[in-house]
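This briefing is for a reader new to the structure below. It takes up the sheet, a pair of helices and the ligand surroundings in turn.

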Amino acid sequence: MALQKIPYIPNETEIIDFAFKKASKKANIQYNSGTRMFIIESDMITAVTNYISKMLSYIVQSYPDLDGLSEFYTRLIDLTVGVDRLKVSLSRISTANKTIKKLSRGYIKDLKKRGTNREGIRKEFYGRSVSIINGLSNDLYFLNEARKKLNKIPDINLDEPIIIVTGYPNVGKSTVVNIISTGRPTIASYPFTTKEIVAGHFYNGRDRYQVVDVPGILDRPDSKRNNMEWLAFLAIEQVNSIILFILDLTETCGYTVTEQIKLLNEIKQNFDRPMITVANKTDIKRVDSDIVDISISAKTGDNISELMEKILLLVKKNNKNTKKRTIMNKV
Ligand SMILES: Nc1nc2c(ncn2[C@@H]2O[C@H](COP(=O)(O)OP(=O)(O)OP(=O)(O)O)[C@@H](O)[C@H]2O)c(=O)[nH]1
Ligand SMILES: [Mg+2]
């Protein structure tokens with residue numbers, strides 16, 4: 001399942017301009033045709049209410065139903081923008097929508113009273129609606145910023161083979177993803193360059209393989225971990241994939257081999273995932289180690305075709321095991 005793309009969220013000025021311009025256009029036509037004042041004023045209130053309501057409902061509906069999402073996407077959204085914050089903003093928009101509709105009914109009732117200043121009543125309704133919409137300004141801003149981040153979440157097809165590339169920050173994970181797939185995560189010589197999950201793919205014959213880049217993870221207590229590290233764990237935990245664990249044995253990434261191996265062991269212990277351990281940056285220095293399955297240079301392309309062979313073999317093995325497990329579960 002993929003997350004729906006969220007369209008542009010208008011700000012308070014755009015909502016107000018849209019609703020009032022449309023309503024006054026309608027009123028001008030009625031003035032010119034000599035319609036009664038009561039009808040004109042009440043139609044204007046109704047029109048403004050309808051346009052505002054349409055836009056506010058549209059905003060709420062633009063977002064996925066947060067209570068109906070899978071655990072993976074709920075936690076992904078939570079780490080990306082905060083589910084509670086999102087719920088608060090969306091519910092404020094819905095409440096404003098209801099309040100304006102209620103106000104509108106009240107003011108239309110007032111219009112019916114004899115001897116009242118009808119234009120004054122309609123203007124009072126306008127003033128109150130404008131201030132309600134202005135009160136949503138922070139929420140509308142937040143929802144539009146959240147939308148930009150959420151729209152970057154890649155579509156991951158859970159039915160196709162997936163390769164998650166993980167390891168310490170700055171070891172060359174994104175460089176590996178760039179060289180083996182269509183994924184184009186940013187590469188830079190500092191830690192935590194990758195701040196979100198980025199996906200790409202490659203084909204072997206007709207079969208598509210998805211390659212997922214995740215933020216770097218440090219070996220440190222959970223309480224110290226940042227949202228980016230949790231994003232990486234979330235992907236490893238929730239997505240049935242094979243893992244490419246990238247190590248930088250040259251330590252030019254800024255972290256020691258001991259630290260990197262500790263993380264490797266933690267991931268092995270906590271997640272039951274088929275894994276290939278890869279030593280990167282052999283162009284700088286070749287370091288022998290028993291813990292790696294293959295040594296490569298993502299920069300020069302050295303040994304990449306051998307890496308691809310290993311990936312294909314492991315995916316094949318994993319597919320067989322997954323099928324076996326599902327059959328066993330059904331028995
Ligand atoms: N010499 C050499 N440099 C490499 C190699 N692979 C990556 N680098 C460099 O290492 C630095 C980090 O590369 P990235 O691919 O951004 O590393 P990352 O693991 O994705 O880093 P984060 O996203 O910050 O966790 C960059 O300066 C790369 O150019 C390699 O095989 N050889
Ligand atoms: Mg990266």
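Gly167 has Ile246 of strand E4 as its bridge partner, in a model that is predicted, where local features need pLDDT of at least 70, side-chain atom pairs count only at pLDDT 80 or more, and totals for chains, interfaces and linings use all residues. Residues are numbered from 1 along each chain as its sequence is written, while chains are lettered from A and ligands numbered from 1 in the order in which they are written.

**Sheet**
- Strand E1 (residues 162–167) and strand E4 (residues 242–247) run parallel and are joined by five bridges; strands (E, at least two residues) and helices (H or I, at least four) are DSSP runs numbered from the N terminus, and two strands pair if DSSP finds at least two bridges between them.
- These strands belong to an open sheet of six strands with mixed pairing, in the order E2-E3-E1-E4-E5-E6, whose edge strands, E2 (198–204) and E6 (294–295), each pair on one side only.

**Helix pair**
- Helix H2 (residues 37–62) packs with helix H4 (residues 83–112) at an angle of about 170°, their axes 9 Å apart, the axes being lines fitted to C-alpha atoms over the stretch in contact and the angles running from 0 to 180 degrees between N-to-C directions.
- H2 is therefore roughly antiparallel to H4, a term for angles over 145 degrees.

**Ligand 1**
- Ligand 1 is surrounded by 23 residues, the closest being Gly172, Ser174, Ser189, Thr194 and Gly216, where a residue counts if its C-beta atom, placed from the backbone, lies within 6 Å.

Technical notes: Parallel < 35°, antiparallel > 145°, perpendicular 65-115°, else oblique.
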